[in-house]
Amino acid sequence: MKIFATADLHGQHSRIENLKAAAKEADLILICGDIGGYPSPKTDTPSGMSAAEYKLSQYRSIQKQDAFYLESVLDSIPIPAYYIL
C-alpha cells in the first residue's frame with residue numbers, strides 16, 4: 001500500500017489541488033494537520049470587540065472556508081483520505 005502523507009497546507013489552494021495528483025500514485029492520503037490559513041495581520045477591529053476576539057473570529061472563518069475547500073477536493077478523488085484540522 002502506498003500512503004501519501006502531508007501536513008501544513010495552511011489554506012494554500014495550490015497545495016490542496018496537488019492532492020489530486022498524489023491520489024493518482026497513492027492508495028491512501030493522510031493530512032496530519034494545519035490545513036487552514038491565517039487571518040491578515042492588519043485588520044481594523046469593529047467596535048464592541050477586542051482585537052483578540054476579532055482575530056479569533058477571523059481565524060475561525062478562514063479555517064472553516066479552508067476545510068470546506070479541502071473537503072470538495074477530497075470528494076473528487078477516488079481513494080480514501082483522512083485529515084486532522
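In what order do the three strands of the open sheet stand, and is their pairing parallel or antiparallel? In this predicted model, the strands follow the order E1-E2-E3, and the pairing is parallel. Strand E1, covering residues 3–6, and strand E3, covering residues 81–83, stand at the edges with a single partner strand each, so one side of each is left without a neighbour in the sheet. Averaged over the sheet and with direction ignored, neighbouring strands are turned by 10° against each other.

**Pairing of E1 with E2**

- Strands E1 and E2 run parallel and are joined by four bridges.
- Alanine 5 has leucine 30 of E2 standing opposite, and threonine 6 stands opposite isoleucine 31, which also belongs to E2.
- Together with helix H1, which spans residues 13–25, strands E1 and E2 make a β-α-β unit that is right-handed.

**Pairing of E2 with E3**

- Strand E2, made of residues 28–31, runs parallel to E3, and three bridges join the two strands.
- Isoleucine 29 has alanine 81 as its bridge partner in E3, while isoleucine 31 stands opposite tyrosine 83 of that strand.

- Helix H2, which covers residues 51–75, lies across strands E2 and E3, and it runs at about 165° to E3.

**Packing of H1 with H2**

- The axes of helices H1 and H2 come within 9 Å and cross at roughly 20°, an angle that makes H1 roughly parallel to H2 because angles under 35 degrees count as such.
- The crossing of these two helices, H1 and H2, is right-handed.
- On the H1 side, the residues that meet H2 are His13, Ile16, Glu17, Leu19 and Lys20, and their counterparts in H2 are Asp66, Tyr69, Leu70, Val73 and Leu74.
- Sorted by class, the contact of H1 with H2 has six nonpolar residues, one polar residue and three charged residues.

Terms used: Residues are numbered from 1 along each chain as its sequence is written. This is a predicted model: local features need pLDDT of at least 70, side-chain atom pairs count only at pLDDT 80 or more; totals for chains, interfaces and linings use all residues. Side-chain values use heavy atoms; hydrogens and water are left out. Two strands pair if DSSP finds at least two bridges between them. Axes are lines fitted to C-alpha atoms, for helices over the stretch in contact, and angles run from 0 to 180 degrees between N-to-C directions. Contact means heavy atoms within 4.5 Å. A crossover is right-handed if, with the strands pointing away from the viewer, the path from the first strand over the helix to the second runs clockwise. Angles under 35 degrees count as roughly parallel, over 145 as roughly antiparallel, 65 to 115 as roughly perpendicular and the rest as oblique. A crossing is left-handed if the near helix is turned anticlockwise from the far one by less than a right angle, and right-handed if clockwise. Ala, Val, Leu, Ile, Met, Phe, Trp, Tyr, Cys and Pro count as nonpolar, Asp, Glu, Lys and Arg as charged, and the others, Gly among them, as polar.
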